[in-house]
Amino acid sequence: MSEGAVKKEEKPRKFQAIRGTRDLLPPETAFWNRVEQTAHEVFATFGFGEIRVPIFEPTELFARAVGGDTDIVSKEMYTFEDHDFSDLDKLRTILLFRAPDIYNLHSISLYKNQLAEFLAAFEAGLAKSEMPIPSTPDNRRALENLQKLVTSINFILQDFDSTPQVLARFDLRVDEARQALRVISFGDVLSLRPEATASVCRAYIEHGMNSVPQPVKLYYMGPMFRRERPQKGRYRQFYQIGAEVLGGSDAPAIDAEVIEMVMTFFDRLDLQGVQLELNSIGCRECRPKYVELLRAELLKVKDKLGADSQRRIETNPLRVLDSKLESEQGIIATLPHIADHLCEDCKTHYAAVKHQLEMRGVIYRENWRLVRGLDYYMRTTFEITAHGLGSQNAVCGGGRYDGLVELLGGPATKGIGFAIGEDRLILSLQESGKAPAAQGRDVYIAWMGDRAHATAIRAAKDLRKAGFSVELPPVELKFGKALGQADKLGARYALILGDNEVAEGLWTLKTLADGSQTKFTEADLIEHLRKSNQVSS
Ligand code: HAM
(Lines give C-alpha, C1' and ligand atoms only; values in the text may rest on other atoms or scores of the structure.)
Protein backbone atom coordinates (compact mmCIF):
# COMPACT_ATOMS: atom_id res chain seq x y z
CA MET A 1 0.00 0.00 0.00
CA SER A 2 1.38 3.42 -0.91
CA GLU A 3 1.86 6.07 1.76
CA GLY A 4 -0.89 8.16 0.19
CA ALA A 5 -3.38 5.31 0.56
CA VAL A 6 -2.53 4.94 4.23
CA LYS A 7 -3.06 8.66 4.77
CA LYS A 8 -6.44 8.57 3.06
CA GLU A 9 -7.65 5.80 5.35
CA GLU A 10 -6.45 7.54 8.51
CA LYS A 11 -9.48 8.70 10.39
CA PRO A 12 -9.28 12.00 12.23
CA ARG A 13 -8.76 11.48 15.94
CA LYS A 14 -11.95 11.17 17.91
CA PHE A 15 -11.74 13.44 20.91
CA GLN A 16 -13.36 12.45 24.15
CA ALA A 17 -13.66 14.10 27.54
CA ILE A 18 -10.60 13.25 29.66
CA ARG A 19 -11.06 10.30 32.05
CA GLY A 20 -12.68 11.49 35.25
CA THR A 21 -14.22 14.56 33.59
CA ARG A 22 -17.60 14.73 31.89
CA ASP A 23 -19.98 16.93 29.98
CA LEU A 24 -23.15 18.01 31.71
CA LEU A 25 -25.95 18.31 29.21
CA PRO A 26 -29.51 19.60 29.15
CA PRO A 27 -31.93 18.79 30.66
CA GLU A 28 -29.57 17.77 33.51
CA THR A 29 -27.92 21.20 33.56
CA ALA A 30 -31.31 22.76 34.32
CA PHE A 31 -31.38 20.54 37.40
CA TRP A 32 -27.87 21.66 38.40
CA ASN A 33 -28.98 25.26 38.05
CA ARG A 34 -31.99 24.61 40.25
CA VAL A 35 -29.81 23.04 42.93
CA GLU A 36 -27.40 25.97 42.77
CA GLN A 37 -30.24 28.48 42.83
CA THR A 38 -31.58 26.80 45.96
CA ALA A 39 -28.12 27.11 47.55
CA HIS A 40 -28.02 30.84 46.70
CA GLU A 41 -31.45 31.29 48.28
CA VAL A 42 -30.95 29.20 51.42
CA PHE A 43 -27.44 30.51 52.18
CA ALA A 44 -28.63 34.10 51.72
CA THR A 45 -31.26 33.53 54.41
CA PHE A 46 -28.38 32.68 56.79
CA GLY A 47 -26.56 35.90 55.85
CA PHE A 48 -23.87 34.37 53.63
CA GLY A 49 -22.45 36.22 50.60
CA GLU A 50 -20.96 34.59 47.54
CA ILE A 51 -17.20 34.58 46.92
CA ARG A 52 -15.59 33.51 43.64
CA VAL A 53 -11.94 32.53 43.89
CA PRO A 54 -9.53 31.51 41.11
CA ILE A 55 -9.31 27.96 39.86
CA PHE A 56 -5.54 27.87 40.31
CA GLU A 57 -3.32 29.09 43.09
CA PRO A 58 0.31 28.54 44.16
CA THR A 59 0.84 24.88 45.01
CA GLU A 60 2.40 26.06 48.25
CA LEU A 61 -0.98 27.44 49.43
CA PHE A 62 -2.63 24.02 49.27
CA ALA A 63 0.46 22.25 50.62
CA ARG A 64 0.49 24.52 53.64
CA ALA A 65 -3.26 24.50 54.30
CA VAL A 66 -4.36 20.96 53.42
CA GLY A 67 -1.05 19.38 54.46
CA GLY A 68 1.94 18.08 52.47
CA ASP A 69 1.43 14.49 53.66
CA THR A 70 -2.25 14.23 52.78
CA ASP A 71 -3.32 12.17 49.77
CA ILE A 72 -4.77 15.31 48.18
CA VAL A 73 -1.49 17.21 48.17
CA SER A 74 1.01 14.37 47.84
CA LYS A 75 -0.76 12.45 45.06
CA GLU A 76 -3.79 14.13 43.62
CA MET A 77 -3.04 17.68 42.52
CA TYR A 78 -2.71 18.87 38.94
CA THR A 79 0.46 20.92 39.17
CA PHE A 80 2.38 22.89 36.57
CA GLU A 81 5.11 25.48 36.34
CA ASP A 82 3.83 28.75 34.94
CA HIS A 83 6.47 30.75 33.06
CA ASP A 84 7.61 32.30 29.76
CA PHE A 85 11.06 30.75 29.69
CA SER A 86 10.76 27.50 27.76
CA ASP A 87 14.01 28.06 25.79
CA LEU A 88 15.92 28.68 28.97
CA ASP A 89 14.30 25.63 30.52
CA LYS A 90 15.51 23.52 27.56
CA LEU A 91 19.04 24.88 27.88
CA ARG A 92 19.00 24.00 31.56
CA THR A 93 17.97 20.43 30.69
CA ILE A 94 20.90 20.17 28.27
CA LEU A 95 23.32 21.50 30.89
CA LEU A 96 21.92 19.15 33.49
CA PHE A 97 21.84 15.97 31.49
CA ARG A 98 24.50 16.28 28.76
CA ALA A 99 27.78 16.11 30.63
CA PRO A 100 30.77 17.55 28.71
CA ASP A 101 33.45 15.09 27.60
CA ILE A 102 36.40 16.37 29.59
CA TYR A 103 38.88 14.79 27.16
CA ASN A 104 37.42 16.72 24.26
CA LEU A 105 38.35 20.37 23.99
CA HIS A 106 35.38 21.12 21.70
CA SER A 107 32.92 19.59 24.14
CA ILE A 108 34.43 21.57 27.01
CA SER A 109 34.23 24.88 25.19
CA LEU A 110 30.66 24.15 24.08
CA TYR A 111 29.70 23.55 27.71
CA LYS A 112 31.46 26.74 28.82
CA ASN A 113 29.63 28.79 26.20
CA GLN A 114 26.26 27.25 26.95
CA LEU A 115 26.66 27.87 30.66
CA ALA A 116 27.61 31.50 29.98
CA GLU A 117 24.64 31.82 27.62
CA PHE A 118 22.36 30.38 30.30
CA LEU A 119 23.70 32.74 32.94
CA ALA A 120 23.19 35.81 30.74
CA ALA A 121 19.62 34.81 29.88
CA PHE A 122 18.88 33.93 33.52
CA GLU A 123 20.12 37.35 34.65
CA ALA A 124 18.02 39.03 31.98
CA GLY A 125 14.99 36.93 32.98
CA LEU A 126 15.33 37.99 36.61
CA ALA A 127 15.57 41.64 35.57
CA LYS A 128 12.57 41.61 33.21
CA SER A 129 9.93 44.15 34.16
CA GLU A 130 6.95 42.01 33.13
CA MET A 131 6.56 38.37 34.15
CA PRO A 132 10.18 38.05 35.33
CA ILE A 133 11.75 34.90 36.71
CA PRO A 134 10.77 35.17 40.39
CA SER A 135 13.48 36.47 42.67
CA THR A 136 13.15 33.66 45.23
CA PRO A 137 15.94 32.94 47.73
CA ASP A 138 16.77 29.75 45.77
CA ASN A 139 17.01 31.65 42.49
CA ARG A 140 19.15 34.41 44.00
CA ARG A 141 21.52 31.85 45.49
CA ALA A 142 21.67 29.98 42.17
CA LEU A 143 22.50 33.23 40.36
CA GLU A 144 25.33 34.02 42.73
CA ASN A 145 26.74 30.50 42.47
CA LEU A 146 26.52 30.42 38.69
CA GLN A 147 28.27 33.79 38.40
CA LYS A 148 31.14 32.47 40.52
CA LEU A 149 31.25 29.21 38.61
CA VAL A 150 31.35 30.83 35.19
CA THR A 151 34.25 33.04 36.31
CA SER A 152 36.00 30.09 37.84
CA ILE A 153 35.56 27.89 34.75
CA ASN A 154 36.85 30.70 32.52
CA PHE A 155 39.86 31.04 34.76
CA ILE A 156 40.55 27.29 34.82
CA LEU A 157 40.32 27.04 31.07
CA GLN A 158 42.39 30.16 30.39
CA ASP A 159 45.61 28.29 29.94
CA PHE A 160 44.15 24.89 29.50
CA ASP A 161 46.85 22.25 29.58
CA SER A 162 44.56 19.26 30.26
CA THR A 163 46.54 18.02 33.18
CA PRO A 164 44.54 15.61 35.35
CA GLN A 165 44.39 18.24 38.09
CA VAL A 166 42.87 20.84 35.79
CA LEU A 167 40.37 18.33 34.42
CA ALA A 168 39.37 17.34 37.94
CA ARG A 169 38.85 20.98 38.90
CA PHE A 170 36.71 21.53 35.82
CA ASP A 171 34.68 18.41 36.57
CA LEU A 172 34.03 19.64 40.09
CA ARG A 173 32.72 22.96 38.78
CA VAL A 174 30.37 21.15 36.38
CA ASP A 175 28.97 19.27 39.35
CA GLU A 176 28.47 22.48 41.30
CA ALA A 177 26.79 24.10 38.32
CA ARG A 178 24.36 21.18 38.16
CA GLN A 179 23.44 21.69 41.80
CA ALA A 180 22.83 25.39 41.20
CA LEU A 181 20.77 24.72 38.06
CA ARG A 182 18.58 22.15 39.75
CA VAL A 183 17.09 24.52 42.32
CA ILE A 184 16.14 27.22 39.82
CA SER A 185 12.44 27.75 39.19
CA PHE A 186 11.46 29.90 36.22
CA GLY A 187 8.00 30.73 37.46
CA ASP A 188 5.43 29.96 40.06
CA VAL A 189 4.50 26.37 40.66
CA LEU A 190 0.71 26.35 40.45
CA SER A 191 -2.00 23.78 41.06
CA LEU A 192 -5.60 23.48 40.02
CA ARG A 193 -7.52 23.85 43.26
CA PRO A 194 -8.38 20.53 44.92
CA GLU A 195 -10.66 22.37 47.37
CA ALA A 196 -11.51 25.98 48.15
CA THR A 197 -11.09 26.53 51.91
CA ALA A 198 -7.42 27.44 51.44
CA SER A 199 -8.34 29.96 48.72
CA VAL A 200 -11.09 31.53 50.82
CA CYS A 201 -8.65 31.97 53.72
CA ARG A 202 -6.08 33.45 51.33
CA ALA A 203 -8.71 35.89 50.07
CA TYR A 204 -9.76 36.75 53.66
CA ILE A 205 -6.17 37.76 54.40
CA GLU A 206 -5.51 39.45 51.05
CA HIS A 207 -8.58 41.68 51.29
CA GLY A 208 -8.14 42.52 54.97
CA MET A 209 -11.54 41.02 55.74
CA ASN A 210 -10.57 40.84 59.41
CA SER A 211 -11.30 44.58 59.64
CA VAL A 212 -14.99 44.30 58.67
CA PRO A 213 -17.60 43.15 61.21
CA GLN A 214 -16.88 39.54 62.19
CA PRO A 215 -17.59 36.79 61.45
CA VAL A 216 -17.37 36.95 57.67
CA LYS A 217 -19.77 34.43 56.15
CA LEU A 218 -18.92 33.32 52.62
CA TYR A 219 -20.08 30.62 50.24
CA TYR A 220 -18.83 29.39 46.87
CA MET A 221 -19.59 26.90 44.15
CA GLY A 222 -17.51 25.60 41.29
CA PRO A 223 -15.19 22.93 39.97
CA MET A 224 -12.38 21.32 41.98
CA PHE A 225 -9.70 18.97 40.68
CA ARG A 226 -8.25 15.83 42.22
CA ARG A 227 -6.43 13.08 40.36
CA GLU A 228 -8.31 10.24 42.04
CA ARG A 229 -9.28 6.89 40.52
CA PRO A 230 -12.59 7.65 38.80
CA GLN A 231 -15.69 5.67 39.75
CA LYS A 232 -19.35 6.33 40.38
CA GLY A 233 -19.56 9.56 42.38
CA ARG A 234 -15.82 10.17 42.13
CA TYR A 235 -14.42 12.38 39.38
CA ARG A 236 -11.21 14.21 38.62
CA GLN A 237 -13.13 17.39 37.92
CA PHE A 238 -15.99 17.59 40.39
CA TYR A 239 -18.09 20.40 41.76
CA GLN A 240 -18.44 21.65 45.29
CA ILE A 241 -20.87 23.98 46.98
CA GLY A 242 -19.19 25.17 50.15
CA ALA A 243 -19.39 27.76 52.89
CA GLU A 244 -16.95 29.22 55.41
CA VAL A 245 -17.38 31.34 58.54
CA LEU A 246 -14.22 33.27 59.35
CA GLY A 247 -13.34 35.49 62.30
CA GLY A 248 -15.22 36.37 65.45
CA SER A 249 -15.67 33.79 68.16
CA ASP A 250 -15.62 30.01 68.13
CA ALA A 251 -19.00 29.86 69.86
CA PRO A 252 -20.52 26.38 69.51
CA ALA A 253 -23.67 28.05 68.15
CA ILE A 254 -21.66 28.94 65.03
CA ASP A 255 -20.75 25.28 64.43
CA ALA A 256 -24.36 24.29 64.95
CA GLU A 257 -25.76 27.00 62.71
CA VAL A 258 -23.40 26.09 59.86
CA ILE A 259 -24.54 22.47 60.11
CA GLU A 260 -28.17 23.58 60.40
CA MET A 261 -27.70 25.53 57.16
CA VAL A 262 -26.51 22.47 55.17
CA MET A 263 -29.34 20.38 56.61
CA THR A 264 -31.88 23.08 55.69
CA PHE A 265 -30.50 23.12 52.15
CA PHE A 266 -30.74 19.32 51.87
CA ASP A 267 -34.22 19.44 53.32
CA ARG A 268 -35.31 22.06 50.78
CA LEU A 269 -34.08 19.75 48.00
CA ASP A 270 -35.86 16.81 49.65
CA LEU A 271 -32.61 14.80 49.68
CA GLN A 272 -33.34 11.29 50.93
CA GLY A 273 -31.54 9.22 53.58
CA VAL A 274 -29.56 12.14 55.01
CA GLN A 275 -27.34 11.14 57.96
CA LEU A 276 -25.14 13.54 59.84
CA GLU A 277 -22.08 12.16 61.62
CA LEU A 278 -20.29 14.26 64.20
CA ASN A 279 -17.02 14.17 66.09
CA SER A 280 -14.51 16.37 67.88
CA ILE A 281 -10.85 15.78 67.14
CA GLY A 282 -9.53 18.08 69.86
CA CYS A 283 -7.07 20.91 69.64
CA ARG A 284 -3.33 21.59 69.64
CA GLU A 285 -3.32 20.88 73.39
CA CYS A 286 -5.04 17.53 73.61
CA ARG A 287 -4.78 15.97 70.17
CA PRO A 288 -1.00 15.37 70.13
CA LYS A 289 -1.32 13.45 73.40
CA TYR A 290 -4.12 11.33 71.98
CA VAL A 291 -2.17 10.76 68.75
CA GLU A 292 0.79 9.49 70.77
CA LEU A 293 -1.45 7.16 72.73
CA LEU A 294 -3.00 5.93 69.49
CA ARG A 295 0.43 5.42 67.96
CA ALA A 296 1.55 3.38 70.97
CA GLU A 297 -1.59 1.23 70.81
CA LEU A 298 -1.22 0.75 67.04
CA LEU A 299 2.43 -0.28 67.40
CA LYS A 300 1.28 -3.11 69.64
CA VAL A 301 -0.87 -4.53 66.82
CA LYS A 302 1.27 -3.38 63.90
CA ASP A 303 1.70 -6.90 62.47
CA LYS A 304 -2.03 -7.34 62.10
CA LEU A 305 -2.48 -4.14 60.08
CA GLY A 306 -2.26 -3.66 56.33
CA ALA A 307 0.61 -1.82 54.63
CA ASP A 308 -1.25 1.51 54.42
CA SER A 309 -2.12 1.56 58.10
CA GLN A 310 1.38 0.43 59.07
CA ARG A 311 2.78 3.40 57.21
CA ARG A 312 0.24 5.72 58.81
CA ILE A 313 1.32 4.72 62.32
CA GLU A 314 4.36 6.86 61.57
CA THR A 315 2.90 9.56 59.31
CA ASN A 316 -0.61 10.13 60.68
CA PRO A 317 -2.07 7.55 63.08
CA LEU A 318 -5.48 9.30 63.09
CA ARG A 319 -5.97 8.27 59.46
CA VAL A 320 -5.88 4.60 60.50
CA LEU A 321 -9.32 5.20 62.03
CA ASP A 322 -10.54 5.99 58.51
CA SER A 323 -9.60 2.54 57.20
CA LYS A 324 -12.30 0.62 55.38
CA LEU A 325 -10.27 -2.64 55.33
CA GLU A 326 -12.47 -5.45 56.64
CA SER A 327 -9.55 -7.19 58.39
CA GLU A 328 -8.73 -4.06 60.43
CA GLN A 329 -12.21 -3.27 61.73
CA GLY A 330 -11.95 -5.57 64.79
CA ILE A 331 -8.65 -4.01 65.82
CA ILE A 332 -9.83 -0.45 65.30
CA ALA A 333 -12.88 -1.10 67.50
CA THR A 334 -10.56 -1.72 70.47
CA LEU A 335 -8.56 1.53 70.10
CA PRO A 336 -8.98 4.42 72.55
CA HIS A 337 -11.64 7.02 71.66
CA ILE A 338 -10.61 10.64 71.31
CA ALA A 339 -13.73 11.78 73.20
CA ASP A 340 -12.19 10.28 76.36
CA HIS A 341 -8.98 12.26 75.85
CA LEU A 342 -10.21 15.76 75.02
CA CYS A 343 -8.99 18.64 77.17
CA GLU A 344 -11.58 20.44 79.33
CA ASP A 345 -12.08 23.26 76.79
CA CYS A 346 -12.62 20.87 73.88
CA LYS A 347 -14.92 18.67 75.95
CA THR A 348 -17.06 21.68 76.90
CA HIS A 349 -17.07 22.94 73.31
CA TYR A 350 -18.12 19.56 71.92
CA ALA A 351 -20.91 19.14 74.48
CA ALA A 352 -22.19 22.62 73.66
CA VAL A 353 -22.15 21.95 69.89
CA LYS A 354 -24.29 18.85 70.48
CA HIS A 355 -26.66 20.82 72.71
CA GLN A 356 -26.93 23.58 70.11
CA LEU A 357 -27.73 21.03 67.40
CA GLU A 358 -30.46 19.57 69.60
CA MET A 359 -31.91 23.04 70.14
CA ARG A 360 -32.14 23.38 66.36
CA GLY A 361 -33.74 19.97 65.92
CA VAL A 362 -30.76 18.67 63.93
CA ILE A 363 -30.39 14.91 64.28
CA TYR A 364 -26.81 13.61 64.41
CA ARG A 365 -24.93 10.44 65.13
CA GLU A 366 -21.59 10.55 66.90
CA ASN A 367 -18.76 8.79 65.08
CA TRP A 368 -15.50 8.77 67.02
CA ARG A 369 -13.68 7.52 63.89
CA LEU A 370 -14.52 10.59 61.81
CA VAL A 371 -11.11 12.29 61.44
CA ARG A 372 -11.27 13.70 57.85
CA GLY A 373 -8.48 13.69 55.30
CA LEU A 374 -7.26 17.29 55.51
CA ASP A 375 -4.79 18.54 58.10
CA TYR A 376 -6.39 21.85 59.01
CA TYR A 377 -9.22 20.56 61.19
CA MET A 378 -9.55 20.88 64.95
CA ARG A 379 -12.49 20.26 67.33
CA THR A 380 -15.76 19.85 65.39
CA THR A 381 -15.69 17.59 62.34
CA PHE A 382 -18.71 16.29 60.45
CA GLU A 383 -19.75 14.37 57.39
CA ILE A 384 -23.13 13.83 55.80
CA THR A 385 -24.13 10.78 53.78
CA ALA A 386 -27.19 10.33 51.59
CA HIS A 387 -29.21 7.70 49.79
CA GLY A 388 -28.05 5.83 46.69
CA LEU A 389 -24.36 6.69 46.51
CA GLY A 390 -22.64 3.32 47.01
CA SER A 391 -19.14 3.48 48.44
CA GLN A 392 -18.67 7.19 47.68
CA ASN A 393 -21.51 8.16 49.96
CA ALA A 394 -20.18 11.30 51.66
CA VAL A 395 -22.16 14.13 50.17
CA CYS A 396 -20.72 16.77 52.49
CA GLY A 397 -17.71 17.15 54.74
CA GLY A 398 -16.60 19.93 57.00
CA GLY A 399 -15.30 21.10 60.31
CA ARG A 400 -13.62 23.75 62.40
CA TYR A 401 -10.18 25.05 61.42
CA ASP A 402 -9.16 27.74 63.93
CA GLY A 403 -5.58 28.76 63.19
CA LEU A 404 -5.58 28.08 59.44
CA VAL A 405 -5.66 31.77 58.52
CA GLU A 406 -2.70 32.30 60.85
CA LEU A 407 -0.85 29.39 59.26
CA LEU A 408 -1.27 31.16 55.92
CA GLY A 409 0.26 34.37 57.23
CA GLY A 410 -2.86 36.16 58.50
CA PRO A 411 -4.04 37.15 61.98
CA ALA A 412 -5.22 34.57 64.55
CA THR A 413 -8.69 33.73 63.24
CA LYS A 414 -11.42 31.21 64.03
CA GLY A 415 -12.93 29.31 61.14
CA ILE A 416 -15.46 26.64 60.31
CA GLY A 417 -17.06 25.45 57.10
CA PHE A 418 -18.13 22.62 54.86
CA ALA A 419 -18.20 21.57 51.23
CA ILE A 420 -20.92 19.60 49.52
CA GLY A 421 -20.02 17.32 46.59
CA GLU A 422 -22.52 18.64 44.05
CA ASP A 423 -22.06 15.70 41.66
CA ARG A 424 -22.96 13.30 44.47
CA LEU A 425 -25.83 15.47 45.66
CA ILE A 426 -27.34 15.43 42.16
CA LEU A 427 -26.70 11.69 41.80
CA SER A 428 -28.51 11.01 45.03
CA LEU A 429 -31.46 13.23 44.05
CA GLN A 430 -31.69 11.44 40.71
CA GLU A 431 -31.48 8.01 42.37
CA SER A 432 -34.55 8.89 44.39
CA GLY A 433 -36.48 9.86 41.29
CA LYS A 434 -36.00 13.61 41.31
CA ALA A 435 -34.72 13.69 37.76
CA PRO A 436 -35.71 16.79 35.85
CA ALA A 437 -38.22 16.62 33.04
CA ALA A 438 -36.93 17.56 29.62
CA GLN A 439 -37.30 21.30 29.16
CA GLY A 440 -40.23 21.95 26.79
CA ARG A 441 -41.17 25.22 25.09
CA ASP A 442 -44.09 27.41 25.95
CA VAL A 443 -44.88 28.40 22.40
CA TYR A 444 -43.93 26.99 19.02
CA ILE A 445 -44.65 29.45 16.21
CA ALA A 446 -45.85 27.68 13.06
CA TRP A 447 -45.65 30.23 10.26
CA MET A 448 -46.19 30.10 6.48
CA GLY A 449 -45.59 32.91 3.99
CA ASP A 450 -43.29 35.95 3.91
CA ARG A 451 -45.69 38.31 5.66
CA ALA A 452 -46.37 35.72 8.32
CA HIS A 453 -42.60 35.26 8.80
CA ALA A 454 -42.15 38.95 9.61
CA THR A 455 -45.08 38.81 12.04
CA ALA A 456 -43.71 35.61 13.57
CA ILE A 457 -40.33 37.25 14.25
CA ARG A 458 -42.09 40.15 15.99
CA ALA A 459 -44.34 37.81 17.96
CA ALA A 460 -41.31 35.74 19.09
CA LYS A 461 -39.56 38.91 20.27
CA ASP A 462 -42.59 40.07 22.29
CA LEU A 463 -43.28 36.64 23.78
CA ARG A 464 -39.64 36.18 24.83
CA LYS A 465 -39.65 39.66 26.34
CA ALA A 466 -42.66 38.58 28.40
CA GLY A 467 -40.59 35.61 29.63
CA PHE A 468 -41.99 32.77 27.52
CA SER A 469 -39.71 30.25 25.84
CA VAL A 470 -40.35 30.33 22.13
CA GLU A 471 -39.27 28.12 19.23
CA LEU A 472 -39.33 29.91 15.88
CA PRO A 473 -38.50 27.58 12.96
CA PRO A 474 -35.82 29.21 10.78
CA VAL A 475 -37.39 28.01 7.52
CA GLU A 476 -40.98 27.72 6.40
CA LEU A 477 -42.62 24.38 7.21
CA LYS A 478 -45.99 23.01 6.17
CA PHE A 479 -48.37 23.39 9.13
CA GLY A 480 -48.64 19.60 9.58
CA LYS A 481 -44.89 19.20 9.85
CA ALA A 482 -44.55 22.25 12.09
CA LEU A 483 -47.17 20.92 14.51
CA GLY A 484 -45.39 17.54 14.57
CA GLN A 485 -42.15 19.32 15.58
CA ALA A 486 -43.95 21.35 18.23
CA ASP A 487 -45.17 18.05 19.72
CA LYS A 488 -41.69 16.54 19.69
CA LEU A 489 -40.25 19.55 21.47
CA GLY A 490 -42.90 19.25 24.15
CA ALA A 491 -44.36 22.69 23.41
CA ARG A 492 -47.51 23.62 25.30
CA TYR A 493 -48.92 25.82 22.55
CA ALA A 494 -48.54 26.29 18.83
CA LEU A 495 -49.14 29.77 17.54
CA ILE A 496 -50.39 29.44 13.97
CA LEU A 497 -49.58 32.35 11.68
CA GLY A 498 -50.57 32.12 8.03
CA ASP A 499 -51.63 34.76 5.52
CA ASN A 500 -55.22 34.67 6.78
CA GLU A 501 -54.28 35.20 10.42
CA VAL A 502 -52.00 38.09 9.55
CA ALA A 503 -54.62 39.73 7.29
CA GLU A 504 -57.40 39.36 9.87
CA GLY A 505 -55.18 40.39 12.81
CA LEU A 506 -56.49 37.33 14.64
CA TRP A 507 -53.92 34.72 15.61
CA THR A 508 -54.72 31.06 16.24
CA LEU A 509 -53.40 29.51 19.44
CA LYS A 510 -53.57 25.73 19.59
CA THR A 511 -53.26 23.97 22.95
CA LEU A 512 -51.26 20.88 22.09
CA ALA A 513 -52.44 18.74 25.01
CA ASP A 514 -56.09 18.71 23.86
CA GLY A 515 -55.93 20.11 20.32
CA SER A 516 -58.34 22.97 21.12
CA GLN A 517 -57.87 26.21 19.15
CA THR A 518 -58.75 29.81 20.04
CA LYS A 519 -58.26 33.06 18.13
CA PHE A 520 -56.67 36.09 19.78
CA THR A 521 -55.71 39.57 18.81
CA GLU A 522 -52.02 40.26 19.21
CA ALA A 523 -52.67 42.32 22.33
CA ASP A 524 -54.84 39.66 24.01
CA LEU A 525 -52.51 36.76 23.32
CA ILE A 526 -49.78 37.58 25.84
CA GLU A 527 -52.36 38.40 28.50
CA HIS A 528 -54.05 35.04 27.92
CA LEU A 529 -50.75 33.13 28.09
CA ARG A 530 -49.77 34.94 31.28
CA LYS A 531 -53.04 33.98 32.95
CA SER A 532 -52.89 30.36 31.85
CA ASN A 533 -49.27 30.18 33.05
CA GLN A 534 -50.36 31.39 36.48
CA VAL A 535 -53.04 28.71 36.62
CA SER A 536 -50.69 25.93 35.57
CA SER A 537 -47.70 26.93 37.75
P1 HAM B 1 -13.65 17.05 51.37
O2 HAM B 1 -14.21 16.08 52.36
O3 HAM B 1 -12.32 16.74 50.78
O4 HAM B 1 -13.61 18.44 52.11
O5 HAM B 1 -14.67 17.27 50.19
C6 HAM B 1 -16.02 17.62 50.46
C7 HAM B 1 -16.95 16.84 49.57
O8 HAM B 1 -16.56 16.98 48.19
C9 HAM B 1 -16.93 15.33 49.79
O10 HAM B 1 -17.75 14.97 50.89
C11 HAM B 1 -17.49 14.83 48.48
O12 HAM B 1 -18.89 14.91 48.48
C13 HAM B 1 -16.95 15.82 47.48
N14 HAM B 1 -15.78 15.25 46.76
C15 HAM B 1 -14.50 15.18 47.17
N16 HAM B 1 -13.74 14.59 46.24
C17 HAM B 1 -14.55 14.26 45.20
C18 HAM B 1 -14.37 13.63 43.92
N19 HAM B 1 -13.17 13.23 43.51
N20 HAM B 1 -15.46 13.45 43.13
C21 HAM B 1 -16.68 13.88 43.53
N22 HAM B 1 -16.91 14.50 44.71
C23 HAM B 1 -15.86 14.68 45.54
C24 HAM B 1 -13.18 19.61 51.55
O25 HAM B 1 -12.95 19.76 50.38
C26 HAM B 1 -13.10 20.76 52.55
N27 HAM B 1 -12.57 21.94 51.84
C28 HAM B 1 -14.46 21.03 53.15
C29 HAM B 1 -14.44 22.15 54.13
C30 HAM B 1 -14.80 23.42 53.89
N31 HAM B 1 -14.03 22.07 55.37
C32 HAM B 1 -14.13 23.26 55.93
N33 HAM B 1 -14.58 24.09 55.04
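The dialogue below takes up these features one after another.

Modeller: Please bear in mind throughout that this is a predicted model.

Biologist: How many salt bridges does the structure hold?

Modeller: Side chains of opposite charge can pair when their charged atoms come close. The structure holds 33 salt bridges. One of them joins Glu57 to Arg202, with the closest N and O atoms 2.7 Å apart. This pair links distant parts of the chain, since Glu57 belongs to strand β2 and Arg202 to helix α9 (residues 197-206), 145 residues apart.

Biologist: Is Glu57 buried or exposed?

Modeller: Glu57 counts as buried because its relative accessibility is 5%, and the limit for that class is under 20%. Glu57 also takes part in a network of salt bridges with Arg202 and Glu206.

Biologist: Which helix holds both Arg178 and Asp175?

Modeller: Both lie in helix α8 (residues 164-182), 3 residues apart, which is about one turn of the helix. Arg178 counts as buried at 16% relative accessibility, whereas Asp175, at 39%, counts as partly exposed.

Biologist: Where do Lys434 and Asp270 lie?

Modeller: The side chains of these two residues, Lys434 and Asp270, meet in a salt bridge of 3.6 Å, N to O. Lys434 is in the loop between α16 (422-431) and β12 (443-447), and Asp270 is in the loop between α10 (252-268) and β7 (275-280), so the pair ties together parts that are 164 residues apart in sequence. Lys434 is partly exposed, with a relative accessible area of 23%, and Asp270 is also partly exposed, at 40%.

Biologist: What is the volume of the second largest pocket, and which residues are the closest to its centre?

Modeller: Rolling a probe the size of a water molecule over the atoms shows where empty space is left. The second largest pocket has a volume of about 800 Å³. Its lining comprises 34 residues, of which Arg287, Asn316, Leu374, Asp375 and Tyr376 are the closest to the centre. Helix α11 gives the most to this lining, namely 5 residues.

Biologist: Which residues make the nonpolar surface patch of about 250 Å²?

Modeller: Ile55, Phe56 and Phe80 make that patch. Phe56 is placed in strand β2 (residues 56-58). Phe56 is partly exposed, with a relative accessible area of 44%, and a patch residue must have over 30%.

How values were computed. Residues are numbered from 1 along each chain as its sequence is written. This is a predicted model: local features need pLDDT of at least 70, side-chain atom pairs count only at pLDDT 80 or more; totals for chains, interfaces and linings use all residues. Side-chain values use heavy atoms; hydrogens and water are left out. Patches are made of residues with over 30% relative accessible area and no salt bridge: like charges are joined within 9 Å, nonpolar side chains (Val, Leu, Ile, Met, Phe, Trp, Tyr) within 5 Å. Accessible areas come from the Shrake-Rupley method with a 1.4 Å probe; for residues, only the protein chains shown count as cover. A salt bridge is a side-chain nitrogen of Lys or Arg within 4 Å of a carboxyl oxygen of Asp or Glu. Helices (H or I, at least four residues) and strands (E, at least two) are DSSP runs, numbered from the N terminus. Buried means under 20% relative accessible area, exposed over 50%, partly exposed in between (1.4 Å probe, protein chains only). On a 1 Å grid over the protein atoms alone, a cavity is a set of points where a 1.4 Å probe fits but cannot get out, and a pocket is an open set with protein on both sides within 12 Å along at least five of seven lines; lining residues have an atom within 4 Å of a point. Grid points are joined across faces, edges and corners, and a volume is the space filled by probe spheres set on the points.
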